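Good morning, and thank you for joining this group meeting. Please look at the sequence and the structure as I go through the strands and the cores.

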Amino acid sequence: MRPILMKGHERPLTFLKYNRDGDLLFSCAKDHTPTVWFADNGERLGTYRGHNGAVWCCDVSRDSSRLITGSADQTVKLWSVQTGAQQFTFKFDSPARSVDFSVGDKLAVITTDPFMEVTPAIHVKRIARDPADQDAESVLVLRGHQGRINRAVWGPLNKTIVSAGEDAVEIFGVKGHFGPINALAFNPDGRSFSSGGEDGYVRLHHFEQDYFSIKV
C-alpha cells in the first residue's frame, strides 16, 4: 500500500484520532489548529480555529457530528465537525491534557494539568444534545494523582474511568509500569485495555487480571 502524506500543520503533532467509521482523521498539534482530513486520500477537509495554545488532544462523537479538543490555553472546546463552528468553551485554571467522550456522547472526561498551586484533576462534564443548553458545571471532579495525568478514558458502560500519568498509577487499580504512562486504549469489546509507558513496555490489562506485557 502506498503511504499517504498529509501536510498542513506548522508545528509538531500531538494527537491523532479516527472517527468511528474510519473515513475521517483528526489531528492536533502545537500550532493551535486542530485539522480534519479524508482518511482515504489525505485531503484536508477543514480546520478548527479558536485555541490560543498547543492542542494536546481530541475526540469525536460516534455520529461524527461533534469534536472536543483540549488545549494548553486552559480551555476545552466543542465544535461542529461539519461547519467548524465553536459550540461551547469549558474554561479551567490549568492546561487541559486529555478528553474522551463517553459511550453515547452524553458525558466527557477531561484531565487538567498541575499548574502553579492548582493540583491535577479529572473532570466529568455533561454534554447537552443542543449546544444552546450546554453549561460549564462539572458533574464530578476526581483528584489523587501525583503529577500530570496524561490520559483518562471511560471504562465499560461508562461505569468506571481509567486514568494514567506521571505517577504510573491507574485509578482502576492496575499497576505495573516503572515510569510515566503516556497512553491508554480500550479494546472495542470493553473488557480489556492497553497502556504504554516510558519504561518501554506496552501492557495489556483485563479488568479481572493483568495478562500480558510487551517490551518495545
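Four strands make up an open sheet, ordered S1-S2-S3-S4, with antiparallel pairing. Strands here are DSSP runs (E, at least two residues), numbered from the N terminus, and two strands pair if DSSP finds at least two bridges between them. This is a predicted model, in which local features need pLDDT of at least 70, side-chain atom pairs count only at pLDDT 80 or more, and totals for chains, interfaces and linings use all residues. Residues are numbered from 1 along each chain as its sequence is written, and side-chain values use heavy atoms, leaving out hydrogens and water.

Strand S1 (13-18) and strand S4 (44-47) each have a single partner strand, so one side of each has no neighbour in the sheet. S4 is joined to strand S3 (residues 35-38) by three bridges, and the two run antiparallel. Thr35 has Thr47 in S4 as its bridge partner.

Let us turn to the cores. A nonpolar core is a set of buried Ala, Val, Leu, Ile, Met, Phe, Trp, Tyr and Cys residues joined through side-chain atoms within 4.5 Å; buried means under 20% relative accessible area, with a 1.4 Å probe and protein chains only. Which residues have the most contacts inside the largest nonpolar core? They are Ile68, Val76, Leu78 and Phe90, in a core of 13 residues. Strands S7 (75-80), S8 (86-91), S9 (96-101) and S10 (107-112) each supply at least two of its residues. The largest share, three residues, comes from S9. Apart from this core lies another, of twelve residues, including Phe15 and Tyr48.

Key
Buried means under 20% relative accessible area, exposed over 50%, partly exposed in between (1.4 Å probe, protein chains only).
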